[in-house]
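Me: I have a structure open here and have not looked at it before. Can you walk me through it?

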Amino acid sequence: QVQLAESGGGLVQAGGSLRLSCTPSGSIFSINVMRWYRQAPGKQRELVAVISSGDSTNYADSVKGRFTISRDNAKNTVYLQMNTLKPEDTAVYYCNIGASTRFGYGLEYWGKGTLVTVSS
């Protein structure tokens with residue numbers, strides 16, 4: 001079984017910073033794409049940032065210039081550095097990976113989410 005462990009969420013004042021981490025565990029052969037999504041109360045889940053196996057990145061317009069996604073392939077870990085946080089960034093943040101495991105190729109896995117609350 002593959003599980004994703006997220007950490008780094010919490011309460012921060014507007015203008016502050018947080019760094020989220022996500023480390024998968026289990027029978028993983030390789031990880032292709034790694035993503036961060038978020039879901040604010042009453043809203044749909046949205047893609048925040050994505051990083052490919054070749055370190056190509058893409059961001060939602062709302063976080064460009066403030067958030068940075070990165071990965072450490074040796075640790076199978078993806079990070080989301082969030083700077084200049086705004087109250088509208090308040091949401092549960094979810095890690096998502098596309099991976100090849102003993103269960104198959106190109107499978108998608110989700111973390112349980114970590115809450116980020118930005119106070120004004």
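Me: How many helices and strands are there in the protein chain?
Reply: This is a predicted model, and its protein chain has zero helices and 11 strands. Read along the sequence, the pattern is β-β-β-β-β-β-β-β-β-β-β.

Me: What does the C-alpha trace span along its principal axes?
Reply: About 45 × 25 × 25 Å. The radius of gyration is 14 Å, which agrees with the value near 14 Å that a compact globule of 120 residues would have.

Me: And how much of the chain is buried?
Reply: Buried residues make up 44% of the 120 residues. As for contacts with a separation of 6 or more, 55% of them come from residues 24 or more positions apart.

Me: New topic. How many disulfides does the structure hold?
Reply: One. The disulfide joins Cys22 to Cys95, with an S to S distance of 2.1 Å.

Me: Which parts of the chain does the pair tie together?
Reply: Cys22 lies in strand E3 (residues 18-25) and Cys95 in strand E9, so the link ties together parts that are 73 residues apart in sequence. A disulfide is a covalent bond between the sulfur atoms of two cysteines.

Me: Are Cys22 and Cys95 buried or exposed?
Reply: Both Cys22 and Cys95 are buried. Their link is left-handed, with -80° about the S-S bond.

Me: What about salt bridges, how many is the count?
Reply: The count comes to four salt bridges. One of them is between the side chains of Asp89 and Arg38, at 2.9 Å from N to O. Asp89 lies in the loop between strand E8 (77-82) and strand E9 (91-101), and Arg38 in strand E4 (residues 28-39), so this pair ties together parts that are 51 residues apart in sequence.

Me: Asp89 and Arg38, buried or exposed?
Reply: Asp89 is buried, with a relative accessible area of 1%. Arg38 is buried too, at 6%.

Me: Which residues are linked in a network of salt bridges?
Reply: Arg38, Glu46, Arg66 and Asp89.

Me: What does Lys64 form a salt bridge with?
Reply: With Asp61, and the closest N and O atoms are 3.2 Å apart. Lys64 is partly exposed, at 48% relative accessibility, while Asp61 is exposed, at 64%.

Me: Moving on to Arg71. Where is it found?
Reply: Arg71 is in strand E7. Arg71 is buried yet has no salt bridge.

Me: Why does Asp55 not count as a partner for Arg71?
Reply: A salt bridge needs the nitrogen and the carboxyl oxygen within 4 Å.

Me: What does the side chain of Arg71 reach instead?
Reply: The side chain of Arg71 reaches the backbone oxygen of Ile31 at 3.2 Å. The Arg71 side chain also makes a polar contact with the side chain of Asn73, at 2.8 Å.

Me: Which other residues is Arg71 in contact with?
Reply: Leaving aside neighbours within four places in sequence, the contacts of Arg71 include Asn32, Val33, Met34, Ile51, Ser53, Thr77 and Val78.

Me: Ser53 is on that list. Where does Ser53 lie?
Reply: Ser53 lies in the loop between strand E5 (46-51) and E6. Ser53 is partly exposed, with a relative accessible area of 44%.

Me: What does Ser53 touch?
Reply: Not counting residues up to four places away in sequence, Ser53 touches Ile31, Asn32 and Arg71. The C-alpha atoms of Ser53 and Val33 are separated by 5.8 Å, and these two residues are 20 residues apart along the chain.

Definitions and conventions:
Residues numbered from 1 in each chain as written. Predicted model: local features only at pLDDT ≥ 70, side-chain atom pairs only at ≥ 80, totals over all residues. Heavy atoms only, no water. Helix = DSSP H or I, 4+ residues; strand = E, 2+ residues; numbered from the N terminus. Buried < 20%, exposed > 50% of the residue type's maximum accessible area, 1.4 Å probe, protein only. Disulfide = S-S within 2.5 Å. Lys, Arg positive; Asp, Glu negative; His and termini not counted. Polar contact = N/O pair within 3.5 Å; in protein donor to acceptor, adjacent residues only side chain to side chain. Contact = heavy atoms within 4.5 Å. Rg over C-alpha atoms; globule rule 2.2 N^0.38 Å.
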